[in-house]
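Hello,

Here is the structure for you to look over. My notes follow below it.

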Amino acid sequence: MSLWEYVEDRWDLILFETVQHASMVAQCVLIAAILGVLIGVAAYRRPRPSALATTIAGVLFTIPSLALLGLLIPPLGLGVAPSVTAIVVYALLPIIRNTIVGLQGVDPLLVDAARGIGMSRRRLLTRIELPLAWPVILTGIRVSTQLAMGIGAVAAYVSGPGLGEQIFSGLARLGGANAVNSALTGTIGVAILALLFDAAFVLLGRFTTPGERRAAMGGARG
Amino acid sequence: MADQPTSGVPIELRKVTKAFPGGGEPAVRELDLDIPAGEIVVLLGPSGCGKTTTMRMINRLIEPTSGDILIGGQNSRGIDPDRLRRHIGYVIQQAGLFPHMTVAANIAQVPKMLGWDKQRIAERVDELLELVGLEPGTYRDTYPRRLSGGQQQRVGVARALAADPPVLLMDEPFGALDPISRERLQDELLRLQDDLAKTIVFVTHDVDEALKIGDHIAVMQRPGHIVQYARPAEILTNPANDYVEQFLGAGSSMRLLRLTKVGDIELDQVLYASEDADAQELRADIERDGRGYALITDGMRRPLRWIGRDHLEGREGPVGATGDAITGTISHRMTLQDALEELLNADTDNVPVVGRRQAYAGSLSLATVQNAIAAIKARERERRLRRVEAQ
């Protein structure tokens, strides 16, 4: 059976697993983005909490994904819970780091100007610092998404949802019928999803940084 | 908006001290300063003398360690810092415009925080752009990075003026600009100030800028105290000590030329008469005066013609239209330096000086200016002698 026939034969299942995979990654990254930005915002003003947050996330990052998933089985069991937890943990580091770097990278002159015209801390953060740091933060989220794609596939090890199931069952039956087709389908599916998500981020970046974009268009007009 | 702009309020600093944690000697020490309403007061000094710290304590970007600051009689400690700052314009070096906002959005920030409605903000933005010399239609929707440094700082000034605050703080606002733009923005600030009469605290280390801009100058010395607080001419002619003199540097005579107005010096009071004056009587007056010439003016005392003894020779009745038409006048508001330029380019040795309503106020020649310089120098010599004697 060729790969194409294999895919045609199981189209419904593969489509379901793909949607599951995409949905899991999207939700995990969303959770990680919210948590990561919040942690970054809480930490960026002071050097020690900043260092602490990045270090902890960095240490968690170095644990191999299979090992982390295995460690999560005793407390969380199998299925969605350990998968989501592991993906979020890995996705946090790039987001926290980029949030801190992005916010710290805002020109102190602008912060001074904003304070000087009477902006409150909160307004300064939402109107000046976060918008200016946004391209950097978005890059962090984008990197996290790519990470989540891969770890999402490994999550099948703890019976997590998604395309990982195709890869793991294929690898388990290596030499058997359709084993390679199954593994290939999972791998290619993850790769295609990753490309689609990345394209979505490029568009998101364009639409959420209107200042630069419109300025560029203004230049073309003038 | 048709209503009058808010004019300045006085600012008083009372024994203001700022000691930074672990910073050794205080950055500002028991500083007293009275800033009159509607004046430009320049804090002048080298870097590290505490001038910026002093200014930033006024809008509480830096909290004083002790002492009080009264703005319009109100103690600034009693006002929420964010609210306080919305009513104090703030202009910094390189303008500090928000790059992700249009020019209009930058200017609109304070009015937005004060809860103005959209219509009012839009009108105010256009009004301010015109005030600072930027055409609203062209610049309203552009982004700051499309503007030159000078234009950015114009927007910076517009942003500071947006909510019509009585007080403006300017921290080396023109320091990053090229000399031509700097000069032009200084001129425009003075022009604006003529209409607005805000209380402006202006920080700079540029002596020429201070002398040009300031109504009063506070010369500061490390650590954080004021050595001399006086009008520019006073500081130039009578520096409080060697530090001030050294800081002013060489060329103070040239600076005086730039600072002194024609109206401030003793002019040559050349005889003048109206066209109706009797020719022979005027001739006799000229004879007695000894200069050998006089100025003919119209009924409003505006200079018309130079007239010499020879013109009147044998003439009966009124003077009438004889004489050589004047080629130009010098305003009493002109600086001596500009007047010198005029004199060197003039066709005649004497150029009439006109005061209010173009009325004749005296005559200026190179000799007159020279005398004025000599007088200034004599005063300086005398002052030095006095200081030496006092030591």
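**What I found**

Start with one residue in chain B. Asp32(B) sits in strand S2 of chain B, which covers residues 28-35. Please bear in mind that this is a predicted model.

Leaving aside residues up to four places away in sequence, Asp32(B) touches Leu13(B), Arg14(B) and Lys15(B). Arg85(B) is 53 residues from Asp32(B) along the chain, and their C-alpha atoms are 22 Å apart.

**Domains of chain B**

Domain 1 of chain B gives four residues to the contact, and domain 2 of chain B gives six. By class, the domain 1 side has two nonpolar residues, one polar and one charged.

**Where chain B meets chain A**

On the chain B side, 22 residues are in contact with 16 residues of chain A. Which elements of chain B supply at least two residues each? They are helix H2 (81-86), strand S6 (88-92) and helix H3 (103-113). The largest share comes from H2(B), with four residues. By class, the chain B side has nine nonpolar, six polar and seven charged residues.

**A helix pair in chain A**

Now to chain A. Helix H2 (residues 11-43) and helix H7 (residues 121-154) of chain A pack with their axes 9 Å apart. The angle between them is about 140 degrees. Roughly antiparallel would need an angle over 145 degrees, so H2(A) and H7(A) count as oblique to each other. The crossing of H2(A) past H7(A) is right-handed.

Here are the residues that make the contact:

- From H2(A): His21(A), Met24(A), Val25(A), Cys28(A), Val29(A), Ala32(A), Ala33(A), Val37(A) and Val41(A).
- From H7(A): Leu125(A), Ile137(A), Ile141(A), Ser144(A), Thr145(A), Ala148(A), Met149(A) and Gly152(A).

How do the residues of this contact divide by class? There are 13 nonpolar and four polar residues in the contact of H2(A) with H7(A), and no charged ones.

Best wishes

Conventions: Residues numbered from 1 in each chain as written. Chains lettered and ligands numbered in written order. Predicted model: local features only at pLDDT ≥ 70, side-chain atom pairs only at ≥ 80, totals over all residues. Contact = placed C-beta atoms within 7 Å. Nonpolar A, V, L, I, M, F, W, Y, C, P; charged D, E, K, R; others polar. Axes fitted to C-alpha atoms, helices over the stretch in contact; angles between N-to-C directions. Parallel < 35°, antiparallel > 145°, perpendicular 65-115°, else oblique. Left-handed = near helix turned anticlockwise from the far one by under 90°.
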